[in-house]
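Have the model open while you read.

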Amino acid sequence: MYVLNVNGERRSVDVPADMPLLWVLRDIVGLTGTKFGCGVAQCGACTVHLDGRAVRSCVLPISAIGDKPVTTIEAVGKSASGQKVQQAWLDIDVVQCGYCQSGQIMSAAALLARTSNPSDAEIDAAMSGNICRCGTYVRIRAAIKQAAGGKAEVLQTIAPTGSAGAP
Amino acid sequence: MKLHEPQADVVPVADTEVDVGRRSALKLSGLAIAFLWAGTSGTVNAAINARRQPGDAAAAAADGNPPFAPNAFIRIEADGSVRLVMPNVEMGQGIYTGACMMLAEELGVGMDQIKVEHAPPNEELYSMPLLGGQITGGSTSTRGHWEVLREAGAVARTMLVTAAAERWHVDPSTCTVARGTVSHPGSKRTLGYGALAKAAGALPMPGKVALKDPKDFTLIGKPLRRIDSVDKVKGVTQFGIDVRVPGMKIATVKACPTFGGRLVGINDKRTRAIPGVIAVLQLDGAVAVVGEHFWAAKQGLDALDIEWDLGDNATLSTAKLREALADKSIGGTPIVAREVGKKPTDGKLVEAVYQLPMLAHATMEPLNTTVWVTAEKCEIWVGTQVPTRCVAAAARITGLPEQKIVLHNQYLGGGFGRRLESDSVEQAVHLAKQVRYPIKVIWTREEDIRHDIVRPMYHDRISALLDSHGRPVWYGDRITGGTVLGRWAPEAMGKNGLDDDTVECAAQVPYDIPNLKVEWVRHDMPDGLIVGWWRGVGPTHNLFVVESFMDELAHTAGKDPLEYRRALLQKNPRSLALLNLAAEKIGWSSNALSARVGRGIALGEPFGSRVCLIVEAEVTPQGEVLLRRAVAALDCGIAINTSSVEAQVQGGLLFGLSAALYSGITIKHGAIEQSNFHDYRSLRINETPLVELHRIESVEPPGGLGEVGTAIAAPALANAIFAATGVRLRSLPVDRAALVQNSDALKRVIADSPAGGELDPRA
């Protein structure tokens with residue numbers, strides 16, 4: 001029996017010691033916002049915060065957590081950086097299929113919590129563990145900058161430039 | 001599957017001579033063309049309709065029985081709430097938002113006033129007109145629904161206005177609508193749609209309804225936020241994998257690694273000793289473990305001793321498949337897709353062979369299905385591009401009538417064509433039949449890649465004759481590969497056996513070339529190796545070959561690739577405008593580039609849209625490719641949501657660039673070698689270039705968008721690499737070894753690496 005401190009609540013879970021946090025969250029606690037993508041920490045879809053740091057929950061055994069607080073996508077909006085990131089994600093309309101976005105937002109929120117104004121290289125370092133097959137990376141980068149700077153990133157590059165010639 | 005009955009103005013043309021004008025008038029291509037050009041007749045037309053259909057009453061009754069449900073898409077309650085039923089599925093392409101914009105534009109409601117629902121499986125009500133079935137694919141959703149969804153909104157609005165006008169005893173034409181309210185400005189009276197719902201629901205269907213003049217659009221053409229963003233950002237969107245049914249257990253599965261292999265037997269002693277393991281289930285070619293949770297199921301599966309019969313494909317390899325394909329390209333019987341004029345006797349001959357690999361889809365959400373089979377019914381929860389095909393399959397497997405199969409479609413964590421297949425659903429139903437409780441079957445990523453239904457491999461022999469100015473006077477392309485359509489919808493194959501998808505964007509090129517011959521040689525893969533649709537379908541394959549070859553021709557002619565294409569586009573002003581726009585925006589002729597940096601152009605007309613992409617790439621001395629910039633020019637006709645247009649081109653491009661840089665499925669000992677994102681790599685944010693989109697406004701009907709970026713990506717990249725290195729890549733993915741500057745470059749990377757080999761902090 002383990003006692004999990006997740007999103008500010010204590011949850012007792014009777015699971016094997018080697019069970020990854022991902023499956024405890026999804027199948028036992030019932031928090032399905034954290035996603036399964038690869039099971040080997042390659043894609044980042046399962047990213048949660050452990051004591052404020054972004055970790056891959058698919059390879060984190062429950063027995064390694066102890067009493068460290070776990071935050072998932074369902075509660076990240078309660079933190080200042082999480083709220084800013086979610087708002088920027090909406091303002092820039094980052095999501096497509098949306099499946100990887102829980103993990104993207106968790107990685108971005110952890111980045112901004114410790115680096116208030118990240119450079120492109122810092123964004124690369126923090127976010128390159130999160131795969132998005134829809135290819136929303138251009139907007140992810142813009143959204144992180146917007147969340148950090150509070151300044152609207154001009155993303156909308158669609159620029160009507162005249163009319164088409166007659167076919 | 002039912003196929004679309006050609007519209008009155010769609011005349012099937014002879015297979016050897018495709019009417020290009022008519023095609024572009026229809027704004028169709030790709031998958032849709034493959035279906036339409038099948039020229040079927042006499043089949044039941046299952047196209048969707050803006051007005052009430054015989055099946056509508058039952059569908060509305062099952063959907064909360066709202067007082068006003070004038071058609072399959074609109075439900076208005078007495079309290080004024082508006083629900084819109086989405087005929088297509090949402091897998092990231094933004095169609096829920098686009099469909100809502102088309103409906104809401106004419107219905108007269110705000111995007112903040114609506115809720116959306118997944119359509120239930122129902123061919124009569126939700127069949128895509130261009131595909132003749134309830135299918136989301138082929139970049140058809142906007143093209144196929146552009147008229148009918150606006151009309152559906154207009155039908156509802158007309159009835160609500162009529163109801164208000166009757167109550168007020170005024171002329172309906174003196175009423176206006178906005179934000180779910182009918183107003184009569186003359187008498188300053190207003191009524192909400194909720195108050196009118198019951199009366200409107202009792203009215204007869206209107207005849208012809210007026211659609212807005214595009215200049216009056218308030219939603220269409222604007223960059224609007226997606227209707228599914230808020231939930232997705234909060235992590236509360238329910239994807240198929242998130243479904244939780246009371247009493248549900250979780251299963252994971254392993255199929256025989258070889259194509260078509262069988263399960264001989266298992267020893268499950270160690271598995272059954274694992275806490276949380278509930279059952280071990282066997283199928284013909286697979287075994288599954290059911291657990292209280294995924295971890296128990298996965299541990300249980302890993303602990304199984306399994307004996308497989310590897311079957312006839314046990315020695316299959318990529319090399320053998322390639323060899324057979326190349327042989328067929330020479331010895332096989334070609335089917336002529338298009339032939340114009342005759343091959344001249346003189347000119348400079350240029351020839352090349354291009355090869356494309358098999359590809360997996362690797363949707364972020366691994367395949368999964370939740371199924372509950374009882375004696376009375378079979379209930380399925382899944383995100384699928386083909387809900388009615390899944391229902392039919394489940395009926396076949398359970399022996400239940402289709403009315404007893406209840407399928408709840410879900411948001412899809414990516415589709416890319418993989419969820420056009422029902423194999424994983426069928427497998428889950430087979431497994432669920434063996435137990436009495438609901439089970440959610442989740443494929444591991446390893447299973448997802450090893451048992452993908454892959455994009456076919458291709459072997460194309462392309463050639464051209466150049467006149468003394470270097471212009472092509474003849475172009476020939478012999479495409480050899482498998483057919484997806486031939487398995488997926490054999491009735492849609494051409495009478496001469498042609499799979500039109502295999503020649504899309506090769507049989508018709510934007511350029512003025514007087515003589516040409518494009519043909520296809522069918523080469524089926526060995527039994528058990530099934531090939532499937534992959535984002536961009538035929539155009540993704542053909543545009544790489546044709547646009548790379550155009551670059552080869554320019555090089556042979558000693559011409560700049562931009563000038564060379566310009567000269568051949570003088571009769572095609574819409575595409576010429578795109579070429580010029582992209583070139584201007586990237587500064588083609590003005591900016592000097594450093595050594596081993598190059599730019600590559602690709603131009604195409606896929607899916608009823610037109611696109612030109614210029615990629616700027618740097619190739620390191622060690623052969624690594626760095627994407628620096630991608631500038632796209634697009635003419636997609638009328639844009640519905642300009643923000644989605646941008647997102648689809650950006651994302652589609654990155655999907656295509658990712659595949660070109662990294663992706664190739666290979667086979668060894670009859671099994672797929674790749675298994676997860678470490679060996680089936682995907683582009684990451686640190687490898688992503690700046691992507692710019694410039695759109696030419698147009699009043700033409702909308703073109704497709706979900707696959708346009710993907711289809712045009714690879715040739716622009718390969719041409720940029722050629723410009724940077726002089727190395728012509730005639731196969732994908734990019735072969736870095738071929739791009740190494742010289743042997744010293746490889747030594748240098750070792751000498752330059754930081755002492756101590758600092759660990760990657762991202763790991």
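Of the 763 residues in chain B, 56% count as buried. Keep in mind that this is a predicted model. Chain B is built from 21 helices and 26 strands, and its C-alpha atoms fill a box of roughly 85 × 70 × 60 Å along the principal axes. A compact globule of 763 residues would have a radius of gyration near 27 Å, and chain B has 27 Å, so the two agree. Among contacts in chain B with a separation of 6 or more, 78% join residues 24 or more positions apart.

Now for the meeting of the two chains. Chain B puts 66 residues into the contact and chain A puts in 59. On the chain B side, the elements that each supply at least two residues are these:

| Element of chain B | Residues |
|---|---|
| α8 | 229–234 |
| α10 | 294–302 |
| α18 | 573–586 |
| α19 | 642–662 |
| β26 | 690–695 |

The largest share, nine residues, comes from α19(B). By type, this side of chain B splits into 28 nonpolar, 21 polar and 17 charged residues.

Over in chain A, take a look at helix α3 (residues 101–114). Its 14 residues should span 20 Å at 1.5 Å a residue, and the end C-alpha atoms are 20 Å apart, so that agrees. Is α3(A) mostly covered or mostly open? Mostly covered: 12 of its 14 residues are buried, including Gln101(A), Met106(A) and Leu112(A). The cover includes β3, β4, α2, α4 and α5 of chain A, together with α8 of chain B.

Definitions and conventions
Residues are numbered from 1 along each chain as its sequence is written. Chains are lettered from A and ligands numbered from 1 in the order in which they are written. This is a predicted model: local features need pLDDT of at least 70, side-chain atom pairs count only at pLDDT 80 or more; totals for chains, interfaces and linings use all residues. Two residues are in contact if their C-beta atoms, placed from the backbone, lie within 7 Å. Helices (H or I, at least four residues) and strands (E, at least two) are DSSP runs, numbered from the N terminus. Ala, Val, Leu, Ile, Met, Phe, Trp, Tyr, Cys and Pro count as nonpolar, Asp, Glu, Lys and Arg as charged, and the others, Gly among them, as polar. The radius of gyration is taken over C-alpha atoms; the globule rule is 2.2 Å times the number of residues to the power 0.38. A residue is buried if 20 or more other C-beta atoms lie within 10 Å of its own, exposed if 12 or fewer, and partly exposed in between; C-beta atoms are placed from the backbone. The expected span of a helix is 1.5 Å times one less than its number of residues.
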